[in-house]
Amino acid sequence: MKENQETVTEDQVTIVDQSEVMESTREASNSEPQVELSEKEQLTQTRTGKFTLQMAYTDAQYFKNMLDKSEFKGSNMAYLLLIAKAEISQVAHSLKDLDKEARHDVELSSASIESINYFLENKTAIGEKSAHRVFASSMILRQSLLAIKKLDEQISKIEKSEDSSK
């Protein structure tokens, strides 16, 4: 892999804007009465939605192969692995006919991003080449994970505020 492709910048991740999520939700339910969602509900919808990342076919294949070789314990982890594998396989398939090394916008659910990150963080590898690949791969997910963490903090803050008002 070329060195410049292993360097991931913050510009390579686009986070779905809350207003875009709300607008698409409203458009999808035009026949239903409009219900105003609370700030917490809006944040939760964004949190459980999809995030746009920049990924090459080779990156998607790496994640897919990594998941194939990942160890897991119990049915919950098995489920997370299966969901992440299914979604990253779809991404790899969609990128298959494009330039294999160029990064393209792809969408992944927050659950898949977190699952892939979990298995990546628990990956056992040897040597400098593997270390570079694992680190470069983690950078692809980094901005989305930071956005998810920020949403979790905002939701938690609202929940604490609600609890203190009771």
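Helices here are DSSP runs of H or I, at least four residues long, numbered from the N terminus. Leucine 67 is found in one of them, helix α4, which covers residues 57-68. The model is predicted, and the protein chain averages a pLDDT of 84, with 78% of the residues scoring at least 70. Over residues 1-33 the pLDDT is below 50, although this stretch has 48 contacts in the model beyond near neighbours in sequence.

Leucine 67 has a relative accessible area of 1%; because buried means under 20%, this residue counts as buried. Leaving aside neighbours within four places in sequence, leucine 67 is in contact with Leu81, Ala84, Lys85, Ile88, Ile116 and Phe119. Phenylalanine 119 is 52 residues away along the chain, yet its C-alpha atom is separated from that of leucine 67 by 7.0 Å.

Helix α5 spans residues 74-95. The buried residues of α5 are Met77, Ala78, Leu81, Ala84, Glu87, Ile88, Val91, Ala92 and Leu95. An α-helix has 3.6 residues a turn, so residues three or four places apart point the same way. The buried residues of α5 pack against β2 (50-55), α4, β3 (104-109) and α6 (110-121).

Leucine 80 also lies in α5, but its relative accessible area is 31%. Together with Tyr79 and Ile83, Leu80 forms a nonpolar patch on the surface, with about 270 Å² of accessible area for the three together.

Technical notes: Residues numbered from 1 in each chain as written. Predicted model: local features only at pLDDT ≥ 70, side-chain atom pairs only at ≥ 80, totals over all residues. Heavy atoms only, no water. pLDDT = per-residue confidence, 0-100. Contact = heavy atoms within 4.5 Å. Patch = residues over 30% accessible without salt bridge, like charges linked within 9 Å, V, L, I, M, F, W, Y side chains within 5 Å. Areas by Shrake-Rupley, 256 points an atom, 1.4 Å probe, with all protein chains shown as cover. Salt bridge = Lys/Arg side-chain N within 4 Å of Asp/Glu carboxyl O. Helix = DSSP H or I, 4+ residues; strand = E, 2+ residues; numbered from the N terminus. Buried < 20%, exposed > 50% of the residue type's maximum accessible area, 1.4 Å probe, protein only.
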